[in-house]
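The sequence and the model are shown first, and the description follows.

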Amino acid sequence: MNNESALLSVRHAVYDYRTKAETVHALRDVSLDFHAGMMYAVVGRSGSGKSTLLSMIAGFDRLKAGEILVNGENLSKMDPETYRRKHVGMVFQAYHLIPQLTVSENIRLAMEIAGYVCNDVHSYVNTLLEKVGLDASYAKKRVTRLSGGEQQRVAVARAVSTHADILLADEPTGNLDDENAEMIVDLLYRMAHEDGKCVIMVTHSLELAQKCDQIYRLAGGKNVAEV
Ligand SMILES: Nc1ncnc2c1ncn2[C@@H]1O[C@H](COP(=O)(O)OP(=O)(O)O)[C@@H](O)[C@H]1O
Ligand SMILES: [Mg+2]
């Protein structure tokens, strides 16, 4: 049963990690739908498969069984790099900006890697910064000069710089204080509701999860009743 209107449809997803010593069944049977213009929280205990689910949606590896449909098309039939470039933006707990580079250079590098061409990069970067609540003076700053909240804003700007329609955020507020955590979640929420992104955020915080349109809970590699 596919939900035709879903941007992303995860169907009976199964994924194992195989090490010499053991096989870990990280995803046992996950079926979830994600729509454009919505923000989702994925919650669950440590080890329940949340990061693995995001990795599979990001196209980092193939499922062992089941499928992920993107606009109805099977992800396993697409070239993963092309899919990622076109569709996926990622935000991480530790920001993952390149410390030697300025704010602008960090964003421009991501655009270059994605092959995203833009006539006036300078003003495009300023528009992105404005979108995440940073004025144009930030463009030339080294990212290491910025606070955690500011770095995460830059990471969000970078994630949307290539017009990805799927934003994956794995505990994006894990390193932030309460005020900045809320600010980042509000920002991601606006990306969904104002720009039509499909935002999927893993979080430990039920309070932040409750700001999302829908909460999905994983337990032992399966999705359990929605909260
Ligand atoms: N690279 C890996 N190699 C082996 N096992 C892994 C690897 N990554 C995650 N796991 C295991 O897979 C399960 C799910 O992990 P993960 O998706 O990271 O959970 P969560 O993000 O919910 O904490 C856990 O048992 C974890 O130990
Ligand atoms: Mg995780």
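## Terms and basis of the model

A residue is called buried if 20 or more other C-beta atoms lie within 10 Å of its own, exposed if 12 or fewer do, and partly exposed in between, with C-beta atoms placed from the backbone. By this count glutamate 171, which has 18 other C-beta atoms within 10 Å, is partly exposed. Helices (H or I, at least four residues) and strands (E, at least two) are DSSP runs, numbered from the N terminus.

The model is predicted: local features need pLDDT of at least 70 and side-chain atom pairs count only at pLDDT 80 or more, while totals for chains, interfaces and linings use all residues. Residues are numbered from 1 along each chain as its sequence is written, and chains are lettered from A and ligands numbered from 1 in the order in which they are written.

## The shell around ligand 1

A residue belongs to this shell if its C-beta atom, placed from the backbone, lies within 6 Å of the molecule. The residues that qualify are Tyr17, Thr19, Val24, Ala26, Gly44, Ser46, Gly47, Ser48, Gly49, Lys50, Ser51 and Thr52. Two elements, strand E2 (23-34) and helix H1 (50-57), each supply two or more residues. The greatest contribution is that of H1, with 3 residues.

In composition, the shell around ligand 1 has 3 nonpolar, 8 polar and 1 charged residues. Here Ala, Val, Leu, Ile, Met, Phe, Trp, Tyr, Cys and Pro count as nonpolar, Asp, Glu, Lys and Arg as charged, and the others, Gly among them, as polar.

## The nonpolar core

A nonpolar core is a set of buried Ala, Val, Leu, Ile, Met, Phe, Trp, Tyr and Cys residues joined through C-beta atoms within 7 Å. The largest such core comprises 65 residues, and those with the most contacts inside it are Tyr40, Val42, Leu167, Leu188, Val199 and Met201. In soluble globular proteins, nonpolar side chains tend to be buried together.

Two residues are in contact if their C-beta atoms, placed from the backbone, lie within 7 Å. When residues up to four places away in sequence are left out, valine 42 touches Lys50, Leu53, Ile200, Met201, Val202, Tyr216 and Leu218.

## Helix H6

Helix H6 (residues 178-195) contains 18 residues and spans 25 Å from its first C-alpha to its last, close to the expected 26 Å. The expected span is 1.5 Å times one less than the number of residues. Its buried residues are Ala181, Ile184, Val185, Leu188, Met191 and Ala192. Viewed down the axis of H6, these residues fall within an arc of 110°, so they line one face of the helix. The arc is that of the directions from the helix axis to the C-beta atoms.

The buried residues of H6 pack against strand E3 (39-43), helix H5 (148-160), strand E7 (166-170), strand E8 (198-202) and helix H7 (206-209). The face turned away from the buried side of H6 carries the exposed residues Glu179 and Glu194. H6 is followed by glycine 196, whose phi is positive, near 75°.

## Helices H3 and H4

In helix H4 (residues 121-131), Val125, Leu128 and Leu129 are buried. They cover an arc of only 100° around the axis, which puts them on the same side of H4. Their cover includes H3 and H5. Just after H4, glycine 133 has a positive phi of about 85°.

Arginine 108 is in helix H3 (residues 103-114). Arginine 108 is buried, because 21 other C-beta atoms lie within 10 Å. Neighbours within four places in sequence aside, arginine 108 is in contact with Val121 and Val125. Arginine 108 and valine 125 are 17 residues apart in sequence, and their C-alpha atoms are 7.8 Å apart in space.

## Further buried residues

Arginine 84 lies in helix H2 (residues 80-87) and is buried, with 20 other C-beta atoms within 10 Å. Apart from neighbours within four places in sequence, arginine 84 is in contact with Ala58 and Gly59.

Alanine 209, in helix H7, counts as buried because it has 21 C-beta neighbours inside 10 Å. Residues up to four places away in sequence not counted, alanine 209 touches Ala41, Val43, Thr203 and Ile215.

## Positive phi in loops

Glutamate 171 is found in the loop between E7 and H6. Although glutamate 171 is not a glycine, its phi is positive, about 50°. Asparagine 71 lies in the loop between strand E4 (65-70) and strand E5 (73-74). Asparagine 71 is likewise a residue other than glycine with a positive phi, near 50°, and counts as partly exposed, with 13 C-beta neighbours inside 10 Å.
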